[in-house]
Amino acid sequence: MNSSWRRSLAPRAAGVVYALIALVAILTITSAVQGRPSYLSSVNLSNILDQSALIAILAIFMTVVLISGNFDLSVASTAALAGTVALKTIDSYGPVVALLAALITGALVGLVNAVLVQKLGVNAFIVTLGTLTAVRGVVQAILDGQSITATDTTLLDIATARWTLPLWAAIAVGALLIAGAFVLVRRGSSVVSTAGLWFAGLALILLAVFRPLMLTQTAPVWIMLVLAVVTALVLRFTVVGRNLYAVGGNPEAARLSGIAVDRYKMVAFVVNGTVAAMVGVLYAGRFNSVDPTVLTGGELTVIAAAVLGGTSLFGGSGYVAKSVVGTLILFTLSNGFNVLNIGSNYQNVVQGTVLVAAASLYTATSTRERRRFRLALRRNKGEPPESAKPEQKVLVEH
């Protein structure tokens with residue numbers, strides 16, 4: 001138990017959380033020194049959550065695709081196309097048909113990516129880069145260089161609605177999450193795998209007690225939180241989740257174990273496209289309009305958030321909760337720069353530096369851990385270390 005806690009609190013496991021805490025602390029102190037309003041005010045924190053919610057949703061399912069051993073550069077263009085389809089159809093056919101048309105559009109883009117990558121064997125980078133360009137071209141063709149606005153405000157009402165979680169419900173849900181984590185640990189799960197449940201439950205109870213205003217958030221924030229919890233539980237505690245990690249970590253071994261590798265990878269693409277479509281609808285609903293440049297470059301922010309969260313670009317490793325925290329880091333930086341009136345040029349420099357530093361740290365620690373694991377394995381087998389010279393190996397063998 002103690003070793004599990006140490007692993008869960010180690011920089012490798014929780015470094016992204018420490019980075020977010022340090023960033024918020026720095027911005028809070030800086031704002032106080034400059035005599036600005038409290039950075040930790042409920043209003044400002046709610047703004048950060050609202051600004052990051054849609055990108056966080058994309059990051060959650062980008063993490064799923066990355067875990068499966070692929071990645072998708074077309075998510076932002078897919079979201080833009082789905083939002084365009086929704087606003088183009090809502091006035092003529094109603095919100096239900098518009099929503100279905102948008103989701104089907106996203107699923108079809110995901111299916112095209114899946115077939116090209118898994119069935120034809122084309123590299124995922126090339127395929128999704130191509131669909132990014134092609135889908136963005138379709139958006140520009142549909143809009144003909146003009147923005148469109150819908151008369152029906154149903155999507156606007158949904159995307160901007162503010163939902164309040166009752167105080168008693170927040171405490172109850174928090175207690176259930178903690179109790180569920182405790183039960184899973186008692187049944188053999190590691191503290192590391194249940195850390196997200198512990199953290200979410202404790203955070204919800206603390207917010208209910210000390211910051212009840214934070215229990216009122218926009219609909220996208222609540223949707224993001226629910227999707228994060230559900231996806232994390234599926235990945236960590238179901239056969240589907242374990243198989244997905246196996247598929248991304250070692251496809252050949254997974255195939256020999258009887259896992260339908262292609263099916264898992266393809267479904268990840270399709271689900272990602274469908275969720276991107278939902279995000280596009282919410283984004284379009286937030287303003288009740290779209291233009292040809294909507295969400296341009298958003299795919300890079302999504303991938304950056306997943307990488308900040310420690311998700312491997314080579315498959316088989318990643319945590320949904322950490323990807324959400326990675327998204328919060330990016331938007332906290334942006335929000336902090338705006339609050340402190342720091343120019344956008346410096347924002348790009350700092351964000352790029354943070355991303356490279358995080359990727360370097362994860363790569364370095366992963367390499368060191370793999371080296372330690374190989375060394376321990378060789379010792380258990382009675383073999384000399386790899387670094388031993390030939391004559392040293394002979395002495396060890398004799």
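## Helix packing in a predicted chain

Helix α11, which spans residues 239-249, has G241, N243, L244, Y245, V247 and G248 as its buried residues. These buried residues of α11 pack against α3, α10, α12 (251-256) and α13 (261-287). Keep in mind as you look around that this is a predicted model. The chain contains 17 helices and four strands, and 42% of its 398 residues are buried. Take the contacts between residues at least 6 apart in sequence: 78% of them join residues at least 24 apart.

**Helix α3 beside helix α10**

- Start with α3 (residues 42-67) and α10 (residues 219-237), whose axes come within 8 Å of each other and cross at roughly 20°.
- Because angles under 35 degrees count as roughly parallel, α3 is described as roughly parallel to α10.
- The crossing of these two helices, α3 and α10, is left-handed.
- On the α3 side, the residues that meet α10 are L49, D50, A53, L54, A56, I57, I60, F61, V64 and I67.
- Their partners in α10 are P220, V221, I223, M224, L227, A228, T231 and L235.
- Sorted by class, the contact of α3 with α10 has 16 nonpolar residues, one polar and one charged.

**Helix α3 across helix α14**

- Now follow α3 to α14 (residues 298-308), where the two axes come within 9 Å and cross at roughly 65°.
- Angles of 65 to 115 degrees count as roughly perpendicular, so α3 is roughly perpendicular to α14.
- The crossing of α3 and α14 is right-handed, whereas that of α3 and α10 is left-handed.
- From α3, the residues I55, L58, A59, M62, T63 and L66 take part in the contact with α14.
- In α14, they meet T301, V302, I303, A305 and A306.
- The contact of α3 with α14 divides into nine nonpolar residues, two polar and no charged.

**Two buried threonines**

- Where does T84 sit? Look in helix α4, which covers residues 75-93.
- T84 has a relative accessible area of 0%, and it counts as buried because the cut-off is under 20%.
- A polar atom of the T84 side chain lies 2.8 Å from the backbone oxygen of A80.
- Beyond its neighbours within four places in sequence, T84 touches V139, I142, L143, I148 and V290.
- T332 belongs to helix α15, residues 320-339.
- With a relative accessible area of 3%, T332 is buried too.
- The T332 side chain reaches the backbone oxygen of L328 at 2.5 Å.
- Which residues does T332 contact, leaving aside neighbours within four places in sequence? They are L20, L23, V24, L27, Y39 and I48.

**A valine in a loop**

- V122 is located in the loop that runs between α5 (95-119) and α6 (124-143).
- Setting aside its neighbours within four places in sequence, V122 is in contact with L116, V117 and V127.

Notes. Residues numbered from 1 in each chain as written. Predicted model: local features only at pLDDT ≥ 70, side-chain atom pairs only at ≥ 80, totals over all residues. Heavy atoms only, no water. Axes fitted to C-alpha atoms, helices over the stretch in contact; angles between N-to-C directions. Parallel < 35°, antiparallel > 145°, perpendicular 65-115°, else oblique. Left-handed = near helix turned anticlockwise from the far one by under 90°. Contact = heavy atoms within 4.5 Å. Nonpolar A, V, L, I, M, F, W, Y, C, P; charged D, E, K, R; others polar. Buried < 20%, exposed > 50% of the residue type's maximum accessible area, 1.4 Å probe, protein only. Polar contact = N/O pair within 3.5 Å; in protein donor to acceptor, adjacent residues only side chain to side chain.
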